Amino acid sequence: MPVYSLFPFADYWWFYALFTLGVLSLLALDLGVFHREAHEVRFREALTWSVVWISLALLFCFGLWKYAHWKLPQDPRLIAEGLTAAQAAVLANQTALEFLTGFVIEKSLSVDNIFIFVLVFSYFSIPAKYQHRVLFYGILGALVFRMIFISIGAALMQLHWVIWLFGGFLILTGIKILFAQEKPIEPEKNPIIRLLRRLMPVTPELHGDRFFLRRNGVLHATPLLVTLVFIELSDIVFAIDSVPAIFAITREPLIVFTSNVFAILGLRALYFLLAGVMHKFWALKYGLGIILVFVGLKMVWLNEAFGGKFPVTWSLAIIGGVLSASVILSLAIPKRVPLTPAPAN
């Protein structure tokens with residue numbers, strides 16, 4: 001199989017441009033039409049949007065599969081290597097499976113983001129009706145940073161030692177998730193938040209859905225902006241795990257980019273869908289740790305052990321199996337919540 005990119009940026013820049021324009025249009029429609037007025041996102045609305053985003057991802061996967069079946073047998077580079085039509089079809093199937101596996105990985109790792117969102121909104125006492133606005137701009141920023149990280153990652157992945165570095169990092173991160181004790185979130189100790197407070201005064205109370213407020217000619221930030229900054233910083237930290245994780249599945253920047261985008265687009269709806277029941281899925285933490293260890297091993301060992309490419313169907317089955325087992329275990333063995341003693345009269 002070829003070691004070069006099947007969808008080089010020089011030939012597919014127009015696709016990146018159209019895809020990005022389409023994503024921005026969907027986001028504008030979301031905020032400008034469906035969420036023009038601040039309101040609390042209920043379960044039914046969150047479920048509907050979750051189905052919409054997942055359906056769009058699957059539709060894109062189907063379109064990518066059809067396009068690959070049409071395009072790859074005509075690729076001059078593949079023809080020069082002597083690939084048969086049957087081999088090109090296998091390569092096209094693998095391309096679609098890599099997107100699907102990458103999407104599942106990114107979707108599962110985004111559960112960690114949801115834990116953080118719940119804690120941060122609670123810490124800053126952000127009402128439910130303003131949370132969508134914060135997440136909208138947080139995810140918009142996340143898309144920009146993911147594009148930067150993916151571009152850097154695609155360049156670095158050409159160096160073999162970087163593959164080992166990323167793989168080792170994912171293994172250590174997975175082990176840390178499995179065994180390290182959870183620490184309380186303390187945004188006020190974050191150096192970026194401290195810097196923000198030094199550069200700009202922050203109002204003690206919210207002012208509707210506004211991020212900024214001018215008082216006596218002085219521009220103030222509101223707690224909504226502080227929340228947004230912390231969520232953005234949290235996503236940057238998570239991207240350090242998730243971007244290398246998907247490069248363990250595929251080296252195609254186009255697949256890495258599109259699967260990341262679709263997973264991030266559905267993150268808001270997933271948050272509103274699961275925020276109230278996240279405490280019940282205690283085993284998901286360990287499932288995510290196992291997944292990170294697996295993809296790390298895939299980078300440093302399994303790919304080489306299987307002739308350069310660990311079967312993507314096996315990867316999808318293992319990741320899906322671990323996630324399913326985590327959910328079933330969480331529901332089968334509910335975690336006991338310690339009772340809070342009643343206050344004395």
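**Note on the cavities, pocket and contacts of the model**

1. The lining of the largest cavity consists of six nonpolar, four polar and five charged residues. Here Ala, Val, Leu, Ile, Met, Phe, Trp, Tyr, Cys and Pro count as nonpolar, Asp, Glu, Lys and Arg as charged, and the others, Gly among them, as polar. The model is a predicted one, in which local features need pLDDT of at least 70 and side-chain atom pairs count only at pLDDT 80 or more, while totals for chains, interfaces and linings use all residues. Residues are numbered from 1 along each chain as its sequence is written, and side-chain values use heavy atoms, with hydrogens and water left out.

2. Three cavities of 30 Å³ or more are found in the whole structure. On a 1 Å grid over the protein atoms alone, a cavity is a set of points where a 1.4 Å probe fits but cannot get out, a pocket is an open set with protein on both sides within 12 Å along at least five of seven lines, and lining residues have an atom within 4 Å of a point. The largest cavity holds about 130 Å³ of space (the space filled by probe spheres set on the points, which are joined across faces, edges and corners). Its lining has 15 residues, of which Leu109, Ser110, Asn113, Arg146 and Ser242 are the closest to the centre.

3. At least two lining residues of the largest cavity come from each of H4, H8 and helix H9 (253-265) (helices are DSSP runs of H or I, at least four residues, numbered from the N terminus). H4 supplies the largest share, five residues.

4. Two or more lining residues come from helices H4 (85-123), H6 (160-179), H8 (223-247) and H11 (284-305); H8 gives the most, six. The lining comprises 20 nonpolar, six polar and ten charged residues.

5. H4 also packs against H10, with Lys107, Ser110, Asn113, Ile114, Phe117, Val118 and Phe121 of H4 meeting Leu267, Leu270, Tyr271 and Leu274 of H10 (contact means heavy atoms within 4.5 Å). Eight nonpolar, two polar and one charged residues make up this contact.

6. The structure contains six salt bridges (a side-chain nitrogen of Lys or Arg within 4 Å of a carboxyl oxygen of Asp or Glu). One of them joins glutamate 98 and lysine 309, at 3.0 Å from N to O. This pair links distant parts of the chain, 211 residues apart: glutamate 98 lies in helix H4, and lysine 309 in the loop between H11 and helix H12 (312-332).
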